Amino acid sequence: MSGLAIRWHAVAGLKRFENQIGALGEKAPHALRRAVARTGDMARTQVIRALTKQTGLKREVIVRAVKVTRPSFESLNYVMRTRGGDIALKYFSARETRKGVSASPFGKRKVFPHTFIRGGKFPGRVRLGMGGHVFLPETSNPKWGRKFEKRKSGVVIPAEMVKGRTAEAFQASVRANLPRRVEHELGRLLK
């Protein structure tokens, strides 16, 4: 499992709010919790956008994959987690051509030679009842028939979430929004 987190104690540039936090007393954790939660929600939006472009998956798949733990009274952490392994080619708008299956992992469409989704001869190919997965013939064994390997894309959401544009989008969103949100929430309670 891999993830990104906003941890209140780890965020630099918030020292300027110490006097306001002290003035609020017991109400301060409520303001900080709301500020971290709102900032986390904004960062999640940016992470989902960047991860969608970076992986080539549909937005709905990414939204289902990214799980959130919001800040509570015990912990001022906002955590985004995801888990899983190498994703099947089926989820990258796979379609069959004469040369093989065309799919778009990492947002770049390419043909995977000798792969198939359907059976029979072109143009009268039929569904095989294998859930739309992409297969590659593995070996030929006269006794047992042919074996097939389900093709994967090489895209692993947990690995992609913590690198590249997605990690940059998360960090940029937190740097830009957290101080502003803390100032807003503290100001709201001090009025």
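Tutor: Gladly! Ring pairs link F116, F135 and F148 into a cluster. This is a predicted model, where local features need pLDDT of at least 70, side-chain atom pairs count only at pLDDT 80 or more, and totals for chains, interfaces and linings use all residues. Residues are numbered from 1 along each chain as its sequence is written, and side-chain values use heavy atoms, leaving out hydrogens and water.

Student: How many aromatic pairs does a search of the whole structure find?
Tutor: Rings of Phe, Tyr and Trp (its six-membered ring) pair if their centres lie within 6.5 Å. Searching the whole structure on that basis gives two.

Student: What is the geometry of the pair F116 and F148?
Tutor: Planes under 30 degrees apart count as stacked, over 60 as edge-to-face and the rest as tilted. The centres of F116 and F148 are 5.2 Å apart and their planes make 80 degrees, so the pair is edge-to-face.

Student: Is F116 buried or exposed?
Tutor: Buried means under 20% relative accessible area, exposed over 50%, and partly exposed in between (1.4 Å probe, protein chains only). F148, at 39%, is partly exposed. F116 has a relative accessible area of 13%, so F116 is buried.

Student: Which residue has its charged end over the ring of F122?
Tutor: A charge sits over a ring if NZ of Lys or CZ of Arg is within 6 Å of the ring centre and within 35 degrees of the ring normal. At 5.0 Å from the centre of the F122 ring, the residue is R125.
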